[in-house]
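Let's take a walk through one protein chain together. Keep the picture beside you and look up each piece as it comes along.

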Amino acid sequence: MESFKVENLSFTYPSRTCKALDNIDFTVNQGEFVLLCGKSGCGKTTLLRLLKSTLAPHGETSGNVFFNGKPLADYDTKEQASGIGFVMQNPDNQIVTDKVWHELAFGLESLGYKQTEIRTRVSEMASFFGIQSWFYKKVTELSGGQKQLLNLASVMAMQPSVLILDEPTSQLDPIGAGEFLKTLEKINRELGTTVILTEHRLEEVFSMVDRVIVMDGGKIIADEVPEEVGKILKEQNHDMYKALPTPMRVCGETENTLTCPLTVRDGRMWLEKFSKENELNPEVIVKDKVQDNTDSVIEIKDAWFRYEKEFPDVVKGLNLSVNKGELFCIVGGNGTGKTTALSLVSGLNTPYRGDVKIKGESISKISNLYDGLLGVLPQNPQSVFVKKTVYLDLMEILSDKKLTKDEKEQKVQSIAVLCRIENLLRSHPYDLSGGEQQRTALAKILLMEPEILLLDEPTKGMDAHFKEEFADILMDLKANGVTILMVSHDIEFCAEYADRCALMFDGSITSTDTPREFFKGKNFYTTSANRMARTRLPDAVLADDIILACGGRIEKRKRQSPHIELYTIQNETVSSKKKVQKLTPARIIIGSIFALLFALTSLIFIADIDILNFASISFLELETLQIMAIIEVVVSCLCFFPQRDIGIEVMQVPKSDRKLAKRTLLGMFLILLLIPLTIYIGVFFLGDRKYYFISLLIIIETMIPFCMVFESRKPKARELIVISVLCALAVSGRTAFFMIPEFKPVIAIVIISGVCFGAESGFLVGALTGFVSNFFFGQGPWTPWQMFALGIIGFIAGILFKKGFLRKTKASLCIFGFLATLVIYGGIMNPASVIRWQNKINWDMIKAAYIAGLPFDLIHALSTGFFLWVLSEPMIEKLERIKVKYGLVER
């Protein structure tokens, strides 16, 4: 029976024109172990996420996905959670609790299992995966391999029939990765669980799988058993051929009729048979070149370091010397201190004993460490991204350089081509795949043109083809005198391109040598080629060594030069400019009218003119005139000085789509009629004593138009979470500024909610904020009034934006926020104070309430304008990016 069947599946992301997946067809039978591989950005992760609805990316999808014979959409969230397990690339992204045992139980608790069943399954999984020794540990104390194993055990505790894994070993060292893959094989063979795995390390996993699916450009180019896939890729001369296991490549590149080996053991047997029929020539194996330059650029002398005083030492008596123009690679297991050692060289941490010197000078005495001297590519590439597009991120690194705009453009475009990210310049860095993020971070660091380059796991997530291009970049940097210190788990890469390698264990370096001398003879920290050929060719470290010794030929790849011609990119692809409103005749006329009104209003105050019987004007009317003068001058300035739109340009409401939906009109009826009627009943029929009951009724009535947004579909958790977070931010904002009367960001956040997610969401955020925040400030008869006042502002903001009257500019939002707070919130809450406490109401009472509340309303209105000016741009940009990426609330 088929576990998964995919028919004509295509997918396009909202912000991209090319398809991420293009007519994908394949099946996965029950109990199969399937490997999905391909170059970075080919669509592997997108395809895997579409196999589980809760993780599916937002975009345009066509085709069908069947799970156990039924459409995947027919399964609810609970059924998919228990039936389809998913292990992500970064183990920290999936761990949600603080203790190991709690993490194992979390999924079962969420599915509603009984405690006895949870205890049984947790103990079973802990025993199966060998977790007993660290069962009660905190997850923060675990190594990367243990965290990933914990994620796997947590998923398997729910007993899924299919297990999906997205590059689960990318954060692990070779030994940890091997153990994890063996565990996967054990799950597949002993439990019969269907496994679908994406992986860049193919050496060990190729022999475990039943089928291999190779993707390129969103399409499947091969779907066969491992042996046949190797032949297909060789016939196509595809870049992925270089990623195949060493035994397969050696067999494919030499003339023989023997069976193609998959494992090191099979490869050794193949070499024994081949050597009996053919003579091996070990003389062709090239010896390591010894560097002539011995000028030390990086020097660490007897360095000791610990993160906290009471913690154990991480670096223990470390001694290291890296020469000028050298590529020095440090290898070792997880937790041995490699990244910490790199942090000492980068100046992020300081040893409490010993010294670190750069070019002969102590690092503590170098003031401008990153001004052309050091460039650091951290293990997590996301930590170097600070802008909302790749293009802006690359331009940001050049902001301090004295270059013209054209020169900056040329540098950015050239480096984009060099790192193969030219089609990603418009994307947000966090929306890229792991390999694409790695290449983007590399491009940003290379733009700094440093003398010393520190790289922490730079090949993580890179496909075999780009590794070769990356090596070309490093070789050219070396030729220009750049010194490179690299920490890596990629043994094959270090063996082929490093000048010297070092093994780090327990905080210090135990051995250092040239790659060939360093790797040959080792059992674990060595290459597959050396393990395969050590009985016949002990000096062989690379696959090319064995191929040449067996009489095979190696085609030299054309090296890519870093001096690339300018790559022409269309302006709209990388444009960072926002659309600015034009100075139209209508704006000039309106601006002139308001300027004239401001002049007339000002004359009333500064000249001896009594055209409005000024002597008899009351205090309230005087304050009103002052507010009118402020509004007139602001509107006039806005007309003559157009503002820049904020947010994503594609999120602006087109004129053809400004008609209000029927659900919005119905919501308007409920909000403007039903909720005021509820408040009226609470005041005059319930004696204003059942305010909790009235507040809950208002919440229910508020939820009706919000739920209508989803119409016939069920709301997703991610949609409700965003609304909840906005409510929490508004409540927190009101609480944080409790010491300053009326100076609150609440209405600003409510307006932003209405603009970004529609009128119904705006009302919901406002009403819930009023209700929840009063748990801190005190519930009372005023709560329903506050809920209605805050909600109606969010609702009106959403409608005005939808109709095109409210623009996404700072000034437009600030003016609306000022007026809404002053007129709507003050206009509701001031009379409410009279209605709540007086039986007989007259206009003098209401007028007195307005006069007494006006100073507070002005402060409140000004604070709303202030917070909108500060918060609107960053919040709207982030909310709209989330909205576009996940397709939230509005459809």
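Let's start with a sheet: six strands line up as β16-β17-β18-β13-β19-β20, making an open sheet with mixed pairing. Strands here are DSSP runs of E at least two residues long, helices are runs of H or I at least four residues long, and both are numbered from the N terminus. Two strands pair if DSSP finds at least two bridges between them. What you have on screen is a predicted model, where local features need pLDDT of at least 70 and side-chain atom pairs count only at pLDDT 80 or more, while totals for chains, interfaces and linings use all residues. Residues are numbered from 1 along each chain as its sequence is written, and side-chain values use heavy atoms, with hydrogens and water left out.

**The whole chain**
- Overall, the secondary structure comes to 29 helices and 20 strands.
- The chain has 891 residues, and 52% of them count as buried; buried means under 20% relative accessible area, exposed means over 50%, and partly exposed is in between (1.4 Å probe, protein chains only).
- Take the contacts in the chain with a separation of 6 or more: 71% of them are between residues 24 or more positions apart. Contact means heavy atoms within 4.5 Å.

**Back to that sheet**
- For angles like the ones below, axes are lines fitted to C-alpha atoms (for helices, over the stretch in contact), and angles run from 0 to 180 degrees between N-to-C directions.
- β19 (residues 500–505) and β20 run antiparallel and are joined by five bridges.

- Helix α10 (residues 338–346) lies across β13 (327–331), β16, β17 (452–456), β18 (483–487) and β19, and runs at about 155° to β17.
- Helix α13 (residues 434–446) packs on the sheet too, touching β16 and β17, and its direction makes about 175° with that of β16.
- Is α10 enclosed or open? Eight of its nine residues are buried, so α10 is largely enclosed by the rest of the structure. Among the buried ones are K338, T340, A341 and L342.
- Just after α10 comes G347, which takes a positive phi of about 85°.

**A second sheet**
- Another open sheet has six strands in the order β6-β7-β8-β3-β9-β10, again with mixed pairing. Its edge strands are β6 and β10 (219–224), each pairing on one side only.
- The twist from one strand to the next averages 15° in this sheet.
- In a regular strand, side chains alternate between the two faces of the sheet. In β6 (residues 84–87), I84 and F86 point one way while G85 and V87 point the other way, and all are buried.
- β6 runs parallel to β7 (residues 162–166), and four bridges join the two. In β7, I84 has V162 as its bridge partner, and G85 has L163.
- Helix α7 (residues 226–236) lies across β9 (211–216) and β10, at about 135° to β10.

**Two crossing helices**
- The axes of α24 (residues 717–736) and α26 (residues 759–777) come within 9 Å and cross at roughly 45°.
- The two helices are therefore oblique to each other: angles under 35 degrees count as roughly parallel, over 145 as roughly antiparallel, 65 to 115 as roughly perpendicular and the rest as oblique.
- Residues making the contact include I723, L726 and C727 of α24, and S761, L764 and V765 of α26.

**Cysteines**
- How many disulfides does a search of the whole structure find? It finds zero, a disulfide being a pair of cysteine sulfur atoms within 2.5 Å.
- The sulfur of C37 is 8.1 Å from the closest cysteine sulfur, in C42, which is too far for a bond. C494 is in no disulfide either, with the nearest cysteine sulfur, that of C329, 3.7 Å away.
- C37 is buried at 2% relative accessible area, and C494 is buried at 0%.

- S40 sits in the loop between β3 (33–38) and α1 (44–49), and counts as buried at 11% relative accessibility.
- Leaving aside neighbours within four places in sequence, S40 is in contact with H200, G435, R439, G461, M462 and D463.
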